[in-house]
Amino acid sequence: MSPATALAPAPSSAGAPAILDIEASGFGRDSYPIEVGYVLADGSSFCSLIRPAHHWTHWDSAAEQVHHIRRETLLVHGRPVPEVAQWLNDQLHGLTLYSDGWAHDYPWLGALYEEAGLVPSFRLDNLRSMLSEREARDWYETKQAVSNELQLTRHRASADARLLQKTILRLRERAA
């Protein structure tokens with residue numbers, strides 16, 4: 001995987017938590033990761049489509065309506081599972097990343113690593129664990145405001161990760 005697929009840091013994100021997001025083939029037991037993206041504390045980010053393993057066949061058209069990624073696109077442009085898992089290990093070694101959909105992202109990350117025959121070199125934690133009660137209460141309203149300001153048009157892994165990180169930063173600005 002080429003470092004060229006990683007994006008340069010965004011200076012305004014310095015000191016923020018690292019965020020990971022995964023798009024998947026669906027939401028059931030047979031679903032699997034199809035895209036992974038992250039944004040680090042310094043604002044640098046990465047996103048990759050994942051070519052499904054041959055036995056990963058479940059496809060939910062409702063999920064496709066959310067992320068707008070076609071299975072055919074994955075077969076042509078997705079990176080092999082072991083390559084994506086190794087890239088994540090190399091780039092995220094020793095870090096803790098946070099996910100707002102931890103209950104889904106954790107099993108999908110597990111499926112990625114199990115298929116690759118690797119173990120993650122980083123930790124995935126629930127984003128909620130880092131929020132105060134007030135921040136949790138204001139989360140959805142703040143996230144919507146940030147999304148509107150950023151004019152996000154894609155529901156994709158790296159864009160979602162950046163939105164989550166900027167939402168946390170906004171909540172922290174308000175608290176300061």
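Start by selecting G94: this glycine comes after α3 and has a positive phi, near 80°. Helices here are DSSP runs of H or I with at least four residues, strands are runs of E with at least two, and both are numbered from the N terminus. You are looking at a predicted model, in which local features need pLDDT of at least 70 and side-chain atom pairs count only at pLDDT 80 or more, while totals for chains, interfaces and linings use all residues. Residues are numbered from 1 along each chain as its sequence is written, and side-chain values use heavy atoms, with hydrogens and water left out.

**Colour by confidence**

Now colour everything by pLDDT, the predictor's confidence in each residue, from 0 to 100. The mean for the protein is 90, and 91% of its residues reach 70 or more. Residues 1-14 are below 50, yet beyond near neighbours in sequence this stretch has 36 contacts in the model. A contact means heavy atoms within 4.5 Å. Where pLDDT is low, the predicted coordinates should not be read in detail.

**Back along α3**

Select α3, residues 81-92.

**Into the core**

Next, pick L20, Y38, L88 and L112: within the largest nonpolar core, which has 30 residues, these touch the most other members. A nonpolar core is a set of buried Ala, Val, Leu, Ile, Met, Phe, Trp, Tyr and Cys residues joined through side-chain atoms within 4.5 Å. Elements giving two or more residues to this core are β2 (18-24), β3 (33-39), β4 (45-49), α3 and α4 (102-116). The largest share, six residues, comes from α3.

Zoom in on L20. Leaving out residues up to four places away in sequence, L20 touches a list that includes V36, Y38, L92, Y98, F122 and L124.

There is also a second, separate core of 10 residues, with V39, L131, W139 and I168 among them.

**Along α6**

Select residues 157-175 for helix α6. The 19 residues of α6 reach 27 Å from first C-alpha to last, close to the 27 Å expected at 1.5 Å a residue. Of those 19 residues, 14 are buried, so α6 is largely enclosed by the rest of the structure.

- T167 is buried, at 0% relative accessible area. Not counting residues up to four places away in sequence, T167 touches W139, T142, K143 and V146.
- A161 is buried too, with a relative accessible area of 0%. Neighbours within four places aside, A161 is in contact with I19, D21, G37, Y38 and V39. Draw a distance from A161 to Y140, 21 residues apart along the chain, and the C-alpha atoms are separated by 15 Å.
- D160 is buried at 11% relative accessible area. Its contacts, again leaving aside neighbours within four places, are D21, E23, R154 and H155.

**The largest pocket**

What lines the largest pocket? There are 19 lining residues, and D21, I22, E23, H155 and D160 lie nearest its centre. About 280 Å³ of space lies in this pocket.

A pocket, on a 1 Å grid over the protein atoms alone, is an open set of points where a 1.4 Å probe fits, with protein on both sides within 12 Å along at least five of seven lines; lining residues have an atom within 4 Å of a point. Grid points are joined across faces, edges and corners, and the volume is the space filled by probe spheres set on the points.

Elements giving two or more residues to the lining are β2, α1 (61-67), α4 and α6. β2 gives the most, with four residues.

**Last stops in the loops**

Select H68, in the loop between α1 and α2 (71-77). H68 has a positive phi of about 60° although it is not a glycine. H68 is exposed, with a relative accessible area of 57%.

Finish at P80, in the loop between α2 and α3. P80 counts as partly exposed, at 29% relative accessibility.

How values were computed: Buried means under 20% relative accessible area, exposed over 50%, partly exposed in between (1.4 Å probe, protein chains only). The expected span of a helix is 1.5 Å times one less than its number of residues.
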